Amino acid sequence: MTDGPIVYMSESVLERLQVNAARSHPLETGGILIGVTVDNSPWVTDVREFDSPRRGPSQFILPRGVTQRAIRDARRLDARLGYLGDWHSHPADAPASRTDVLTTRTTALAMRRAVLLLITRRRGQTYAMELSMARGTRIVPCRIVPTGDLPPLVHHTDTTP
Ligand SMILES: [Zn+2]
């Protein structure tokens, strides 16, 4: 696990993922991971949770079109941000399913870039993070490095007299 690629994640994001997963328990919930890339490593700085009519104790299917819309909205506020991957909860403490892995690999191949798959797994009273990265046809476990939030955009004002 320690040899995997490093993925930075803001502590506020980790906390929100826990809260979202716990609130939805015993049903799955999920959404997308948003952020930037720093020194070739993804940095998850924001997260979206989507309502899905197709969710149950062991199913969560993202509604069509919500990802594109959410990324567009996020970029309107901060153009540095982009799509980094998907996440959903597993209330039964199960690892990423074959379908989860296949879906992520398909997305990575279509986008021709690394895509993250984060599963929040029920562990005792809390939810643990299981993060992997699909690159080409390979999918590998990642090491999460907690960070602070992405510094806000600095707006330069034109001071020419
Ligand atoms: Zn799953």
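Asn 40 lies in the loop between S2 and S3, where helices (H or I, at least four residues) and strands (E, at least two) are DSSP runs numbered from the N terminus. Residues are numbered from 1 along each chain as its sequence is written. The model is a predicted one, in which local features need pLDDT of at least 70 and side-chain atom pairs count only at pLDDT 80 or more, while totals for chains, interfaces and linings use all residues.

Asn 40 is exposed, with 8 other C-beta atoms within 10 Å; here a residue is buried if 20 or more other C-beta atoms lie within 10 Å of its own, exposed if 12 or fewer, and partly exposed in between, with C-beta atoms placed from the backbone. In the hairpin of S2 and S3, which has two residues between the strands, Asp 39 also takes a positive phi, near 50°.

Two other backbone features deserve a glance. Arg 112, in the loop between H3 and S7, has phi near 55°, again a positive value in a residue other than glycine. Arg 112 counts as exposed, with 7 C-beta neighbours inside 10 Å. The peptide bond from His 25 to Pro 26 is cis, with omega near 5°, and Pro 26 is found in the loop between H1 and S2. For context, most residues other than glycine have a negative phi, and most peptide bonds are trans.

Eight strands form an open sheet of mixed pairing, in the order S9-S8-S7-S6-S2-S3-S1-S10. Strand S9 (138–141) and strand S10 (143–147) are the edge strands, each pairing on one side only. On average, neighbouring strands of this sheet are turned by 30° against each other, direction ignored; axes are lines fitted to C-alpha atoms, for helices over the stretch in contact, and angles run from 0 to 180 degrees between N-to-C directions. S1 and S3 run parallel and are joined by two bridges, with Met 9 taking Val 44 of S3 as its bridge partner. Strand S7 (residues 115–123) and strand S8 (residues 126–135) pair in the antiparallel sense over nine bridges, and the bridge partner of Arg 122 in S8 is Tyr 127. Helix H3 (residues 98–111) lies across strand S6 (82–90), S7, S8 and S9, running at about 160° to S7.

Helix H1 has 14 residues and reaches 20 Å from its first C-alpha to its last, close to the 20 Å expected at 1.5 Å a residue; the expected span is 1.5 Å times one less than the number of residues. Its buried residues are Val 13, Leu 17, Asn 20 and Ala 21. They lie on the same side of H1 because they cover an arc of only 95° around the axis, the arc being that of the directions from the helix axis to the C-beta atoms. An α-helix has 3.6 residues a turn, so residues three or four places apart point the same way. On the other side of H1, Glu 11, Glu 15, Val 19 and Arg 23 are exposed. The buried residues of H1 pack against S1, S3, S6, S7 and S8, with contact meaning that C-beta atoms, placed from the backbone, lie within 7 Å.

Gln 18 also lies in helix H1 and is partly exposed, with 16 other C-beta atoms within 10 Å. Leaving aside neighbours within four places in sequence, Gln 18 is in contact with Thr 126 and Tyr 127. Gln 18 and Arg 122 are 104 residues apart in sequence and 9.5 Å apart in space, C-alpha to C-alpha.

The largest nonpolar core has 28 residues, and those with the most contacts inside it include Val 7, Leu 33 and Val 44. Such a core is a set of buried Ala, Val, Leu, Ile, Met, Phe, Trp, Tyr and Cys residues joined through C-beta atoms within 7 Å. The largest share, five residues, comes from S7.

Methods
Pairing = 2+ DSSP bridges. Contact = placed C-beta atoms within 7 Å.
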